[in-house]
Amino acid sequence: MLDRTLNPPATAPLFARDDRAPAGWAVSRDPVAYPEAVAAMEARAADIAEGRAGELVWLLEHPPLYTAGVSAKAGDLLQPDRFPVFQSGRGGQFTYHGPGQRVAYVMLDLTRRRRDVRAFVAALEAWTIGALARFNVRGEVREGRVGVWVERKVPGLPTREDKIAAIGVKLRRWVSFHGVSLNVEPDLTHFGGIVPCGVTQHGVTSLVDLGLPVTLDEADAALLASFREVFGEVAEAPPPL
């Protein structure tokens, strides 16, 4: 039996800043190495907390790699020599990043928005679900499973659920970093080197795997439109590196 659906309401409350100031919106066109990205992200989060910089949402791709969140189990790394493996301070377990996957690092000041971690994660889910809806994909969340899921229905076969987006965040001084990864057109076989997010009974999918020839630029446009609905306005900004 499928888990109970816990989708946010269609009209998700706006997780906006109290002063309605726009967040920066930056896109890196070339793949960014993971250690350099994390260093830049953590530096920017520290600057936000100190009032030296504004909020930033940073969209990028990574070369193929695995990351281990704070709850990762060693046994879930099935092929340790397949790709580089990095320890990560974000929540969650093992995940994969690579070309064709849109990673969105979200550096927001929750002091200026809402100091509510659950509401923030729900807002990230609503943001991702809203972006998927622009391609007529029904994204859903499930109790006990982090991320965004889609049902796969094939005539004559049991309905299954696949993960299309992962969510893993960390807060420091109420500034967020890490964020969301949306599978647009990654090589899904690359997930075979790990147990993604510790979940063995469900698979992974992407927009292209669902039969939708979506480009990264099109995914970015959908993420931008949905972000405005959930978090408020943005302003174009340069990537942090």
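Predicted model: local features only at pLDDT ≥ 70, side-chain atom pairs only at ≥ 80, totals over all residues.
The empty spaces come first. Rolling a probe the size of a water molecule over the atoms shows where empty space is left. The largest pocket holds about 430 Å³ of space. Its lining is made up of 28 residues, and those nearest the centre of the pocket are Gly 91, Gly 92, Val 146, Ile 167 and Gly 168. Several elements contribute at least two residues each to this lining: the strands β5, β6 (101-107), β8 (145-152), β9 and β10, together with helix α2. Strand β9 gives the most, with five residues. Sorted by class, the lining of the largest pocket contains 13 nonpolar, 12 polar and three charged residues.

The largest cavity has a volume of about 70 Å³. It is lined by 13 residues, and Thr 95, Lys 163, Ala 166, Asn 183 and Phe 191 are the closest to its centre. Two or more lining residues come from each of β5 (94-97), β9 (160-172) and β10 (175-183). Strand β9 supplies the largest share of this lining, four residues. Eight residues of the lining of the largest cavity are nonpolar, four are polar and one is charged.

The second largest cavity contains about 30 Å³ of space. Trp 149, Lys 163, Pro 196, Val 199, His 202, Gly 203 and Val 204 form its lining. By class these are four nonpolar residues, two polar residues and one charged residue. Lys 163 is named here in the lining of the second largest cavity, and Lys 163 is also listed among the residues closest to the centre of the largest cavity.

Gly 203 belongs to strand β11 (residues 203-204). With a relative accessible area of 28%, Gly 203 is partly exposed, because that class covers values between 20% and 50%. The C-alpha atom of Gly 203 is 22 Å from that of Val 169, a residue 34 positions away along the chain. The other residue is Trp 149: the charged end of Arg 145 sits over the ring of Trp 149, at 4.4 Å from the centre of that ring.

The next topic is the aromatic rings. A pair of aromatic rings is described by the distance of the centres and the angle of the planes. The structure has 13 aromatic pairs. In one of them, the ring centres of Phe 120 and Phe 231 are 6.4 Å apart and the planes stand at 70 degrees, so this pair is edge-to-face. Phe 120 lies in helix α2 (residues 117-133), whereas Phe 231 lies in the loop between α3 (216-230) and β12 (234-236); the pair thus links distant parts of the chain, 111 residues apart. Phe 120 is buried, with a relative accessible area of 0%. Phe 231 is buried too, at 1%.

Phe 231 also pairs with Trp 127, and here the centres are 6.1 Å apart with the planes at 90 degrees, so this pair is edge-to-face. Trp 127 is in helix α2 and Phe 231 is in the loop between α3 and β12, 104 residues apart, and this pair likewise links distant parts of the chain. Both Trp 127 and Phe 231 are buried. One aromatic cluster takes in Phe 120, Trp 127 and Phe 231 along with Phe 15, Trp 25 and Phe 227.

Two polar residues remain. Glu 140 is located in strand β7 (residues 140-142). Its relative accessibility is 5%, so Glu 140 counts as buried. The side chain of Glu 140 has a polar contact of 2.7 Å with the side chain of Arg 138. Another polar contact, of 2.6 Å, connects the side chain of Glu 140 to that of Arg 142.

Ser 88 is found in the loop between β4 (85-87) and β5. At a relative accessible area of 9%, Ser 88 is buried. Its side chain makes a polar contact of 3.2 Å with the side chain of Tyr 34. A polar atom of the Ser 88 side chain also lies 3.2 Å from the backbone nitrogen of Arg 90.

Methods:
Residues numbered from 1 in each chain as written. Heavy atoms only, no water. 1 Å grid on protein atoms, 1.4 Å probe; cavity = no way out; pocket = protein on both sides within 12 Å on 5 of 7 lines; lining within 4 Å. Points joined across faces, edges and corners; volume = space filled by probe spheres on them. Nonpolar A, V, L, I, M, F, W, Y, C, P; charged D, E, K, R; others polar. Phe/Tyr/Trp six-rings, centres within 6.5 Å; stacked < 30°, edge-to-face > 60°. Buried < 20%, exposed > 50% of the residue type's maximum accessible area, 1.4 Å probe, protein only. Lys NZ or Arg CZ within 6 Å of the ring centre and 35° of its normal. Polar contact = N/O pair within 3.5 Å; in protein donor to acceptor, adjacent residues only side chain to side chain.
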